[in-house]
Amino acid sequence: MSERVRPQAPAAIRAVLPMTLVFLYLPLVVMVFASFVVKSTDGIGSFTLDWYRELLHDPVLWAALARSFEVAGVSALVSTMLALVSALVLERWVFVGKWPLRLLSTASLMLPELVLALSLLSWFSLFKMELNLFTVIIAHVTLTLPFAILVIAARLQTLEPSLEEAARDLGASETQVLTRVTLPLMLPGVGAAFVLAFLLSFDDFLVTFYTNGAGGDTLPVKLYSMMRMGLTPKVQALSSIMLLMSVALVAVLVRLSGRRDRLN
């Protein structure tokens, strides 16, 4: 019996994907192109790297970039560690109230980011905490933790229970099963959770804007303050650099996801 051939989708439907990609990425292409253009007095544009040279010699932007990496690195590390423990508890332990706790661990994903930012600001004000990079890190851990739990828990759900059972049958203790079987198999998911948390923290503006103190602007906040003075090629150059960093981190995340699929 011959295999039935699936009919092709109508041409109008097949055209939706290219149109969607153009709609999403054409503004980014225009922004990157504009960061390499300088206009002369007669309105004719020419290629230049002057805007990127200005960024390289701007110590304020370098300080903002360093703060962004510091906040993103620390918050991603803390979020990943907490998510690892939380996912193990939620996926491997049996206790009363497990399902409500599972729902609460990811409920904040459905909250608008503005609501989360205002609630964190109210919390800090209640305890009279001075707004600084420490409060920003706490806020970013709160923001990224549910995402990290979701990624690591998904990895745990794909692991074959027979591997852990075989280790127990061979005389391994629960600690040995965890450290020599479960955790090594979870490493791709843990790495993906770290990269995702880092990316969310590095690109975040709204939560950082509400929980940051004076003189501690991260790169997205600094970009916002520059845009208030008008859209200039220097702002577009800075946005292009941030876009490049985000794409690089997404590429790492995709590579880790591909490695996880191969391990499965």
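Modeller: The model is predicted. About 40 Å³ of space lies in its largest cavity, and a search of the whole structure finds one cavity of 30 Å³ or more.

Biologist: Let us turn to the open spaces. What is the volume of the largest pocket, and which residues line it?

Modeller: The largest pocket holds about 230 Å³ of space. Its lining is made up of L88, V89, R92, W93, E164, R168, E174, T175, V177, L178 and T182. Helix 4, helix 8 (161–169) and helix 9 are the elements that give two or more residues to this lining, and helix 9 gives the most, with five residues. By class, the lining of the largest pocket has five nonpolar, two polar and four charged residues.

Biologist: How does the lining of the second largest pocket divide by class?

Modeller: That lining has 10 nonpolar residues, no polar residues and no charged residues. The second largest pocket contains about 160 Å³ of space and is lined by Y52, L55, L56, L61, W62, L65, L219, L238, I241 and M245. The elements giving two or more residues to this lining are helix 3 (50–56), helix 4 and helix 12 (233–263).

Biologist: L219 is in that list. Why is L219 called buried?

Modeller: Buried means under 20% relative accessible area. L219 has a relative accessible area of 2%, so the label applies. L219 lies in helix 11 (residues 219–227). The C-alpha atoms of L219 and A66 are separated by 8.4 Å, although these residues are 153 residues apart along the chain.

Biologist: How do you know that R53 and D50 form a salt bridge?

Modeller: The cut-off is 4 Å between a side-chain nitrogen of Lys or Arg and a carboxyl oxygen of Asp or Glu. For R53 and D50 the N to O distance is 2.7 Å, so the pair qualifies. Both residues lie in helix 3, three residues apart, about one turn of the helix.

Biologist: Why do R53 and D50 count as partly exposed?

Modeller: Partly exposed covers the range between the buried limit of 20% and the exposed limit of 50%. R53 is at 44% relative accessibility, so it belongs in that range. D50, at 38%, is therefore also partly exposed.

Biologist: By this rule, how many salt bridges are there?

Modeller: The count comes to two. In the pair D58 and K234, the side chains meet at 3.1 Å, N to O.

Biologist: What makes the pair D58 and K234 a tie between parts apart in sequence?

Modeller: D58 lies in the loop between helix 3 and helix 4, whereas K234 is in helix 12, so the pair ties together parts that are 176 residues apart in sequence. D58 counts as buried because its relative accessibility is 15%, and the limit is under 20%.

Biologist: What sets the phi of K128 apart, and why is K128 called exposed?

Modeller: Most residues other than glycine have a negative phi. The phi of K128 is near 55°, a positive value in a residue other than glycine. K128 is in the loop between helix 6 (113–126) and helix 7 (133–158). Exposed means over 50%, and K128 is at 74% relative accessibility, so the label holds.

Biologist: Finally, which residues form a nonpolar patch on the surface?

Modeller: The patch is formed by L17, L21, F23, L24, Y25 and L28, with about 620 Å² of accessible area together. Of these, L28 is in helix 2 (residues 16–34) and counts as partly exposed at 30% relative accessibility.

Notes. Residues numbered from 1 in each chain as written. Predicted model: local features only at pLDDT ≥ 70, side-chain atom pairs only at ≥ 80, totals over all residues. Heavy atoms only, no water. 1 Å grid on protein atoms, 1.4 Å probe; cavity = no way out; pocket = protein on both sides within 12 Å on 5 of 7 lines; lining within 4 Å. Points joined across faces, edges and corners; volume = space filled by probe spheres on them. Patch = residues over 30% accessible without salt bridge, like charges linked within 9 Å, V, L, I, M, F, W, Y side chains within 5 Å. Areas by Shrake-Rupley, 256 points an atom, 1.4 Å probe, with all protein chains shown as cover. Helix = DSSP H or I, 4+ residues; strand = E, 2+ residues; numbered from the N terminus. Buried < 20%, exposed > 50% of the residue type's maximum accessible area, 1.4 Å probe, protein only. Nonpolar A, V, L, I, M, F, W, Y, C, P; charged D, E, K, R; others polar.
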